[in-house]
Amino acid sequence: MRSFTAVVNPTAGGSGSAPAAAATLIPLARLLRDAGAQVTVEYSRGLDDARELAGEAAGRGDVVLGVGGDGMVGAVGGALAGTGGVFGVVPVGRGNDFARQLGLPSDPAVLARLLLEADPRPVDAIRANDTVVLGSVYAGVDAAAGHNANRSRLLRGSAAYYFGALRAVAGWRPAAYRVTVDGEVHERRGFTVVVANSGFYGVGRHIAPDARVDDGLLDVVIIQHVPKPMFFAVMRELADGSHVRRPQVEVMRGREVRIEADRDLVYGADGEVHGTLPVTARVMPGSLNVLRP
C-alpha cells in the first residue's frame with residue numbers, strides 16, 4: 001500500500017479561498033486512509049518551501065501529491081523531475097491546466113482510486129533557466145496578463161485571467177522577438193512566444209493543441225503582430241485551438257528554445273512570473289513519474 005505526502009497550497013483558488021483545498025483534500029485523504037494508505041499533509045509557506053517538502057517526502061519513498069493550482073503543481077512536480085520520485089496531482093487551483101492536459105478527474109472518489117491503483121507513467125518537464133516547470137514557458141502579453149490576474153483580489157478563476165488580459169492588451173506594444181529553436185534563429189514581431197509541454201494554459205486556453213507531455217518535444221507557438229481587434233478574435237479561438245489556423249500564428253517544435261526580445265519583458269511559467277528575458281527552455285524527456293489515467 002502506498003504512502004502519500006500531500007504538499008498543499010493553503011490559498012489555492014485565490015486569496016481567501018483556503019476551503020477550496022480543504023474541500024477536496026479532506027475527503028480524498030479519508031478515502032486513501034480508509035483503503036489502508038498512510039497520508040501526511042504538509043502546508044507550504046511558498047513555492048520554494050513546497051519544493052523542499054517535496055524532495056524530503058520523495059526521499060522517504062512517499063508518493064508526493066501537489067495540492068493546488070498550476071504554480072504549486074509545477075513547483076512540486078519540478079522538484080521531483082529527474083529524481084525517480086512518484087508524483088500525483090490534486091487540482092484545486094484557478095487554472096488546473098496541467099491536470100487538464102493529463103485528463104485527471106476532480107471528483108475525490110475517482111481521484112483516490114487513480115492514486116491508489118494507477119502505475120506511474122513518465123512525462124516530460126521543462127528546465128527554464130535554473131527552474132524546472134511542467135506546463136509551459138511564455139513571454140509577452142500573456143505573462144503580463146498572468147501577472148495582473150495573480151494580483152487581483154476581487155476576481156477569481158477565468159474572470160481574473162480575462163480582465164488581466166484586457167489590461168495587458170490595452171497597454172501592449174509589439175515586441176521584436178529573437179526565438180532560437182534547436183540552433184535555428186527566427187526573428188518575429190508580435191504579442192507572445194509560448195514554449196509548451198502541456199497544450200493548455202491560462203485557465204483552459206488550448207494554446208498548443210498538438211502538444212504532448214510524453215513526446216520529448218516542446219511546441220513553440222508565436223502569435224505575430226496583428227491589429228488589436230484581431231488579437232481579441234485570436235484570444236477567443238484559444239478556447240478550441242483553432243487560432244493555429246491563422247497565418248499570423250506560427251507553430252514549431254524543438255528540444256531547446258531560447259527567447260530574447262528588444263526590451264525587458266517578464267516571462268511566466270505554470271501560472272507564475274519567473275523572471276525577465278532572456279530565457280532558455282530545454283525539454284527533460286520522461287523525467288517525471290506521474291500517476292495519471
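## Exercises on rings, strands and turns

Y201 is buried, with a relative accessible area of 10%. Buried means under 20% relative accessible area, exposed means over 50%, and partly exposed lies in between (1.4 Å probe, protein chains only).

This is a predicted model, in which local features need pLDDT of at least 70, side-chain atom pairs count only at pLDDT 80 or more, and totals for chains, interfaces and linings use all residues. Residues are numbered from 1 along each chain as its sequence is written, and side-chain values use heavy atoms, with hydrogens and water left out.

**Exercise 1. Count the aromatic pairs and describe each one.**

Step 1. Start with the rule. Rings of Phe, Tyr and Trp (its six-membered ring) pair if their centres lie within 6.5 Å; planes under 30 degrees apart count as stacked, over 60 as edge-to-face and the rest as tilted.

Step 2. Apply the rule. The count is 2 aromatic pairs.

Step 3. Take the tyrosines. Y138 and Y201 are edge-to-face, with 5.4 Å between centres and 80° between the planes.

Step 4. Helices (H or I, at least four residues) and strands (E, at least two) are DSSP runs, numbered from the N terminus. Y138 lies in strand 7 (residues 136–140) and Y201 in the loop between strand 9 (184–196) and strand 10 (218–224), so their pair ties together parts 63 residues apart in sequence. Y138 is buried too, at 8% relative accessibility.

Step 5. Take the phenylalanines. F191 and F231 are stacked, 4.0 Å centre to centre and with 10° between the planes. F191 belongs to strand 9 and F231 to helix 8 (residues 228–237), so this pair links parts 40 residues apart in sequence. Both F191 and F231 are buried.

**Exercise 2. Which rings lie under R100 and R263?**

Step 1. A charge sits over a ring if NZ of Lys or CZ of Arg is within 6 Å of the ring centre and within 35 degrees of the ring normal.

Step 2. Check R100. Its charged end sits over the ring of F200, 5.9 Å from the centre.

Step 3. Check R263. R263 lies over the face of W172, 4.9 Å from the ring centre.

**Exercise 3. Find the pairing partners of strand 15 (residues 279–291), including strand 4.**

Step 1. Define pairing. Two strands pair if DSSP finds at least two bridges between them.

Step 2. Begin with strand 4 (86–91). Strand 4 and strand 15 are parallel, with 2 bridges. F87 has V290 as its bridge partner.

Step 3. Go to strand 5 (residues 120–128). Strand 5 runs antiparallel to strand 15 over 8 bridges. R121 has V290 as its bridge partner in strand 15.

Step 4. Strand 12 is antiparallel to strand 15, with 4 bridges. Here V257 stands opposite A281.

**Exercise 4. Follow strand 13 (residues 266–269) to its partners, one of them strand 7.**

Step 1. Look at strand 7. 3 bridges join strand 7 to strand 13, and the two run antiparallel. A139 is bridged to Y267.

Step 2. Look at strand 14 (residues 272–276). 4 bridges join strand 13 to strand 14, again antiparallel. A269 has E272 as its partner.

Step 3. Inspect the turn. Strand 13 and strand 14 form a hairpin with 2 residues between them, and D270 in the turn has a positive phi of about 50°. D270 is buried, at 9% relative accessibility.

Step 4. P278 is in the loop between strand 14 and strand 15. A cis peptide bond joins L277 and P278, with omega about 10°.

**Exercise 5. Is D182 buried, partly exposed or exposed?**

Step 1. Locate D182. It is in the loop between strand 8 (175–181) and strand 9.

Step 2. Phi of D182 is near 50°, a positive value in a residue other than glycine.

Step 3. Classify. D182 counts as partly exposed, at 44% relative accessibility.

**Exercise 6. At what angle do helix 2 (residues 47–59) and helix 3 (residues 70–80) pack?**

Step 1. Axes are lines fitted to C-alpha atoms, for helices over the stretch in contact, and angles run from 0 to 180 degrees between N-to-C directions.

Step 2. Give the values. The angle is about 40°, and the axes are 8 Å apart.

Step 3. Name the class. Angles under 35 degrees count as roughly parallel, over 145 as roughly antiparallel, 65 to 115 as roughly perpendicular and the rest as oblique. Helix 2 and helix 3 are therefore oblique to each other.
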